[in-house]
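Please look through the structure below slowly, and keep the sequence at hand while reading.

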Amino acid sequence: MLKDYFLNKIEDAIYKAIRAGKLGQMNEYNKGSLPVEKPKNPEFGDLAINVSSLARSAKIAPPMIANAIVENIEDKTECEYSVIGGFINFRAGNSLLVDLLGEIYSKKESFGRPDNIEKEKIILEYVSANPTGPFHIGHGRWAAMGSTLANLLKFYGHEVYQEFYINDAGSQIQKLGRSLVIRIKQELGENIDFPDDEVERKNYYPGDYLIPVAKDFIRDNKDLLESVNNDADKLELQVYCDYAKEYEEKVQRDLLDKFRVHFDKFYSELTLHQSGKVSECVEKLRKSGKIYEKEGAVWFKSSDYGDDQDRVIKKADGSNTYLTADIAYHVDKLERGFDRMIDIWGADHHGYVARVKASLEALGYDPNKLEILLGQLVNLVINGNEVRMGKRKNMVTLEDLIDEVGVDATRFWMAMRNIDTTLDFDIELAKTNSDENPVFYVQYAHARACSIIRNAINDRIDTESGESIPAVLSESEFNTLISDFDKALASTAVNDGRKLVLKLEEFKPLIVSSAQSRQVYTICRYVQELASEFHSFYNSTRVITDDINVTKSRLALVWAFKTVLANALRILAVSAPERM
RNA sequence: GCGCUCGUAGCUCAGUUGGAUAGAGCGUUUGGCUACGAACCAAAAGGUCGGGAGUUCGAAUCUCUUCGAGCGUACCA
């Protein structure tokens with residue numbers, strides 16, 4: 001990477017300058033303590049390092065330090081180094097950028113994957129919704145971000161296992177079953193509705209989505225219902241619970257599939273309880289001595305590990321809390337041999353972070369193996385007004401949204417903001433196929449690049465004269481441009497499209513920093529910047545010209561661009577269309 | 001009350017462990033298609049970085065304080 005090349009040069013020069021006594025009182029330097037940045041003004045160069053922070057130990061002025069370092073750089077023939085104030089500016093030589101293009105041609109789909117990484121076995125858990133209804137828009141954010149992060153970490157080189165924890169064990173399933181009974185009775189002609197009283201109503205899911213479930217239930221269980229003379233109350237509640245749960249799980253899985261989100265496993269909380277792992281976990285905690293009883297319940301002394309209060313593990317009625325199952329679940333993940341657990345949670349669950357980590361520590365595990373990414377919630381904006389998302393009625397579901405604006409746009413908008421900021425999702429804006437929509441801007445750049453290559457290798461018809469214009473080169477000649485790397489052609493391309501090449505160069509460092517910081521919005525920003533550089537290049541530089549060598553060099557650059565853009569879009573799971 | 005996240009251009013947001021004139025997209029204004037896709041490009045205007053104090057050679061960034069927004073503070077999940 002360019003950054004590493006530059007930093008190595010500077011650091012080597014620093015050591016040399018120190019030995020030569022040219023850096024004042026400075027006698028040691030810690031590798032990696034100088035940040036490499038992009039100059040504010042591109043006239044200064046491609047990269048820059050500010051050495052002002054060395055002034056403290058050197059006790060000489062920053063410009064003197066910078067000059068002394070530059071004077072001690074070995075072999076300055078490749079690249080340009082200049083000093084302005086405390087900054088050392090760097091302009092990459094042509095040959096470095098030529099090598100970069102060569103790397104793109106040889107690595108293709110895997111270009112951007114860093115070379116030497118510490119590979120980890122990661123389990124990434126996200127969405128993890130109740131199977132009690134359709135996904136709302138907030139779930140869409142976790143789905144988009146989580147699957148993008150999984151793609152990113154895999155591309156980086158990690159082994160990633162994606163898991164969805166199904167919250168199918170609590171009282172909400174009873175609530176779901178009771179609600180289904182009401183819908184079934186309605187379908188059977190009974191005059192019944194959900195209670196009007198607000199408090200009682202909270203024991204039901206009054207959304208319309210259970211109506212089709214009720215219809216299917218009646219169709220599938222005709223005989224069963226007849227056996228009780230169509231009195232729905234005569235059947236066990238569990239029958240309804242199971243039916244509705246399975247139904248909603250399938251609805252959720254189908255939608256995830258459509259949204260290009262693919263889990264390796266759907267882990268049922270219920271099976272966790274049934275396997276005995278939850279009670280095992282309680283016993284282990286008991287042995288750790290961090291357990292006590294109070295008011296008939298069993299408490300975990302999480303406050304010993306930084307939580308602000310102790311937490312109930314077993315309720316007075318003998319049942320386990322949600323936390324208990326969650327502890328057992330995380331223990332189970334570790335027992336399955338993962339090096340690292342990453343969870344994406346909504347910010348409304350942030351109170352849980354301390355207690356889950358506390359429990360892992362109490363059980364003798366390293367709490368640092370668990371990383372929890374807290375995501376702020378989503379506001380839906382329609383016609384400039386925020387729409388409150390309630391689970392009750394008239395909700396806009398994720399499916400509605402996808403049907404309305406498409407998978408590509410939904411994924412992009414859900415992933416494009418920092419996880420720490422509340423996301424305003426503007427449906428009207430996401431729908432437009434105009435300049436306002438960054439997704440189309442980026443995809444258009446890809447389609448345009450494909451179009452140029454098509455034009456170069458296909459015969460065309462002149463729209464005015466009607467004459468056939470022969471292709472400037474054959475498909476096999478074009479393929480040779482990629483397979484047989486020609487440094488001279490690449491050098492021409494670097495001269496013509498230097499800014500574009502530099503943007504291509506940023507891809508690999510981007511993958512490294514994004515994967516390490518677990519941030520995916522940076523990929524969205526990058527594809528926009530990359531597309532912008534390409535559009536700009538396109539408008540200033542004609543690709544297909546009368547000069548065959550110039551044409552070849554520029555075509556190869558267009559191919560490099562399209563390949564890198566497609567690599568980035570693949571991480572986002574946004575399509576890279578050849579035509580639009 | 002306490003805890004977490006946030007407050008940067010008209011709007012939506014970047015801003016890497018403190019560093020060059022605080023950046024981008026949209027919107028607004030102006031200009032650009034008789035050659036590869038104008039769903040594009042080029043340029044301009046637009047800011048007391050919520051307010052105040054402090055640390056520092058240097059603060060959007062660190063500390064304190066204050067105002068505002070969202071979320072949490074269950075023997076619910």
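Against which helices do the buried residues of H8 pack? They pack against helix H6 (172-187) and helix H10 (237-258), where two residues are in contact if their C-beta atoms, placed from the backbone, lie within 7 Å. This is a predicted model, in which local features need pLDDT of at least 70 and side-chain atom pairs count only at pLDDT 80 or more, while totals for chains, interfaces and linings use all residues. Residues are numbered from 1 along each chain as its sequence is written, and chains are lettered from A and ligands numbered from 1 in the order in which they are written.

Helix H8 covers residues 210-220, and its buried residues are Leu210, Val213, Ala214 and Phe217. A residue is called buried if 20 or more other C-beta atoms lie within 10 Å of its own, exposed if 12 or fewer do, and partly exposed in between, with C-beta atoms placed from the backbone. Seen down the axis of H8, the buried residues fall within an arc of 100°, so they line one face of the helix; the arc is that of the directions from the helix axis to the C-beta atoms. The face turned away from this buried side carries the exposed residues Asp216 and Arg219.

Chain A as a whole contains 24 helices and 17 strands, which are DSSP runs numbered from the N terminus, helices being H or I of at least four residues and strands E of at least two. Of the 580 residues in chain A, 38% are buried, and the C-alpha atoms fill a box of roughly 90 × 75 × 40 Å along the principal axes. Among contacts between residues at least 6 apart in sequence, 75% join residues at least 24 apart.

One part of the chain to follow is an open sheet of 5 strands, in the order E7-E6-E5-E11-E12, with parallel pairing; two strands pair if DSSP finds at least two bridges between them. Strand E7 (265-268) and strand E12 (370-375) stand at the edges with a single partner strand each, so one side of each is left without a neighbour in the sheet. Within the sheet, 5 bridges join strand E5 (residues 121-125) to strand E6 (residues 159-166), and Leu124 stands opposite Gln162 in E6.

The next topic is RNA strand B. It is surrounded by 67 residues, of which Pro35, Ala48, Gly170, Asn418 and Ser451 are the closest; a residue is near the strand if its C-beta atom, placed from the backbone, lies within 6 Å of it. Elements that give two or more residues to this surface include strand E2 (47-50), strand E4 (87-91) and helix H18 (438-457), and H18 gives the largest share, 9 residues.

Two residues other than glycine have a positive phi. Asp75, with phi of about 55°, is in the loop between helix H3 (62-71) and strand E3 (80-84), and Asp75 counts as exposed because it has 7 C-beta neighbours inside 10 Å. Ser128, with phi near 40°, is found in the loop between E5 and helix H5 (137-156), and Ser128 counts as buried because it has 23 C-beta neighbours inside 10 Å.Finally, Tyr5 in helix H1 (residues 2-19) is 87 residues from Ala92 in sequence and 9.5 Å from Ala92 in space, C-alpha to C-alpha.
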